[in-house]
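Subject: Structure handover

Hello,

Here is the structure to look through. My notes on what was found in it follow below.

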Amino acid sequence: MIRKIIKGFRKNKLACIGVGYLTILLAVALFAPWISPYDPYAMHLDHILEGPSRAFLLGTDNLGRDLLSRLIYGTRTTLLASFIIVSITCCIGTVLGTLAGYYGGIIDDTIMRIVDILMGLPQMVVALGMIAVLGPSFTNILLLLSLLTWTDFARLARGGTISLKESEYVAAARAYGASTFRIIFKHIISNNLAPIIVMYTLRMAYTILTLSGLSYLGFGIQPPTPDWGNIVSIGQQYILVSPWMAVFSGVAISMTILAFNFIGDGLRDFLDPRQRVRMQLKK
Amino acid sequence: MLAIPTVIFLTVIVFLMLRLAPGDPVQIMLGLTSIVSEDTVASLRKEWGLDKPVYFQYFYWLKNLAKGNLGRSIQTHQPVAAILGGRIVNTLKLCSVAYIIGLCIAFPVGIISAIKPYSIIDSFATTIALIGVSVPTFWLGLVLIILFSVKLRLLPMAGMGGIQYYILPSITLGTGLAAGLTRMIRSSLLEVLSQDFITVTRAKGLPEWIIIIKHALKPGLIPILTMLGFWGASMLSGAVLTETVFAWPGMGRLLVDSLLARDYPVTQACILVGGIGVVLVNLLIDLGYGIVDPRIRYD
């Protein structure tokens, strides 16, 4: 599959751009202390709310902190938080969805009704309320968002499992006496990975969007920890004096989400066989 | 129908919200600033049924809810229902304008993209749509404010009033819908267009746009309807952000304000009303399937 992905990426320019951008972003996040020109918490009180200049490439914020350094450190916060959330939701959703699809019956009914109920709720608003009430700590945000948003993965995994469990190679595995655990993890989940990977990238984009929204409203990552959403939020207060803050941090958020969407769309184009057949027909 | 379990689950969450909040519920309901004697707290605890077990408290709360009694705001001491009424109308106004903008952009663009897939117009439209779903609502709003209110001084920055006050917020809220829906319409139409009955209409020599509007659009509507259902929930969270950016006096702004002020009765009412709204939208869409696809029947 990895070979297929590399081959597919060569043909899709947008996906290439997405991967390139994310690689740079990952490097920025990893090497933040060496790249950033200033300490993100250091206040330069004689340079408050300045526009871009040679000393401060993207300008400074309301406390005279270097915006570029804060954005660089913000990359860490955003990527780490969304990576953890999407990984947790992916694990919960895939395991529950696969179990539902494999066993059917009452297990399937119970799990899928929970999924339906959660999907019927306005997840972000409920998360916003709960996080605000319980206190916007990093753990609370991660836990609540993960518990509310695993449903997409569950539906996807269940759909794939239902068609895979009837296939001959699973029957063969069962015939030579493979345990149910082995069939589910080794044979079903591993063959269901393609759509799950696509969903994973698209959920990364969505989670970054949600997280930045929460931070913007003041219930996400709390200042002084640098986070793209809370930089926009502070920037809004000084929008008349110095629009740079809000604009630059928003560009960072949008470009990252766009990169994940490029990759997700690209992956779907060549991992989803139905779509591939259609593209070949067009050509 | 899962509308009823969903609403029940929603009431449980909203009820638990107050119980999970750090601190004594009586003290929270009285406001953190007010100082009352131990006796008053004890008598209020009894009056509100807080000395009973939690499940009893839940049913007690539900009974009040059924009577339309949402409690009083901690800040203003007004009944919550009275505060909420006008706010809901404002949010609905904003959302409907945004919805109309979204639909008016998405249908023509999506159809044009599907008529000529992989053409220049299509690549342009799909790229713009992808950017549209990637830009955070609140940031788009801020950029529009910077451009049209601060720099060009054409439109008001915030608040609610005549038509000019609707332009920026509804564009902000409608962009995500327009972009998402365009993508959905395009892919859903392409899916239908590869089927056999479309080949028949092509063989009859019908022009492509008649094929799409008369034959492909209706079967293509089913995934689009599902998407519109999801957008019920997205609209709500989008409204929370948009109203915060533009200081729009709607329910989303009320929710954020009440959270900041720890005015829990108002918070509970906002989430409850918003959630029930989303459930109702989903219910309407479920019924819509039956109209679009006659094979689906509800007993």
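Read along the sequence, chain B runs α-α-α-α-α-α-α-α-α-α-α-α. That makes 12 helices and zero strands, where helices (H or I, at least four residues) and strands (E, at least two) are DSSP runs numbered from the N terminus.

This is a predicted model, in which local features need pLDDT of at least 70 and side-chain atom pairs count only at pLDDT 80 or more, while totals for chains, interfaces and linings use all residues. Residues are numbered from 1 along each chain as its sequence is written, and chains are lettered from A and ligands numbered from 1 in the order in which they are written.

Along the principal axes, the C-alpha atoms of chain B fill a box of roughly 85 × 55 × 30 Å. Chain B has 299 residues, of which 38% count as buried. A residue is buried if 20 or more other C-beta atoms lie within 10 Å of its own, exposed if 12 or fewer, and partly exposed in between, with C-beta atoms placed from the backbone. Among contacts in chain B with a separation of 6 or more, 71% join residues 24 or more positions apart; two residues are in contact if their C-beta atoms, placed from the backbone, lie within 7 Å.

**Helix α1 of chain B**

Helix α1 of chain B covers residues 3-20, 18 residues in total. From first C-alpha to last it reaches 25 Å, close to the 26 Å expected at 1.5 Å a residue; the expected span is 1.5 Å times one less than the number of residues. Its buried residues are B:Thr6, B:Leu10, B:Val14, B:Phe15 and B:Met17. They pack against α5 (105-120) and α6 (123-134) of chain A, and against α4 (54-66) and α12 (264-292) of chain B.

**Where the chains meet**

The contact takes 42 residues from chain B and 40 residues from chain A. On the side of chain B that touches chain A, α1, α6 (120-134), α7 (137-151), α10, α11 and α12 of chain B each supply at least two residues. That side of chain B divides into 33 nonpolar, nine polar and no charged residues. Here Ala, Val, Leu, Ile, Met, Phe, Trp, Tyr, Cys and Pro count as nonpolar, Asp, Glu, Lys and Arg as charged, and the others, Gly among them, as polar.

**Inside chain B**

B:Leu94 is in helix α5 of chain B. Why does B:Leu94 count as buried? Because 28 other C-beta atoms lie within 10 Å. Not counting residues up to four places away in sequence, B:Leu94 touches B:Pro169, B:Ser170, B:Leu173, B:Ala239, B:Trp248 and B:Gly250. B:Leu94 and B:Glu243 are 149 residues apart in sequence, yet 9.0 Å apart in space, C-alpha to C-alpha.

**Backbone points to check**

Most residues other than glycine have a negative phi, and most peptide bonds are trans. B:His77, in the loop between α4 and α5 (80-115) of chain B, has a positive phi near 65°. B:His77 counts as exposed because it has 8 C-beta neighbours inside 10 Å. B:Ala247, in the loop between α10 and α11 (251-261) of chain B, has a positive phi near 45°. In chain A, the peptide bond from A:Pro223 to A:Pro224 is cis, with omega near 10°.

Regards
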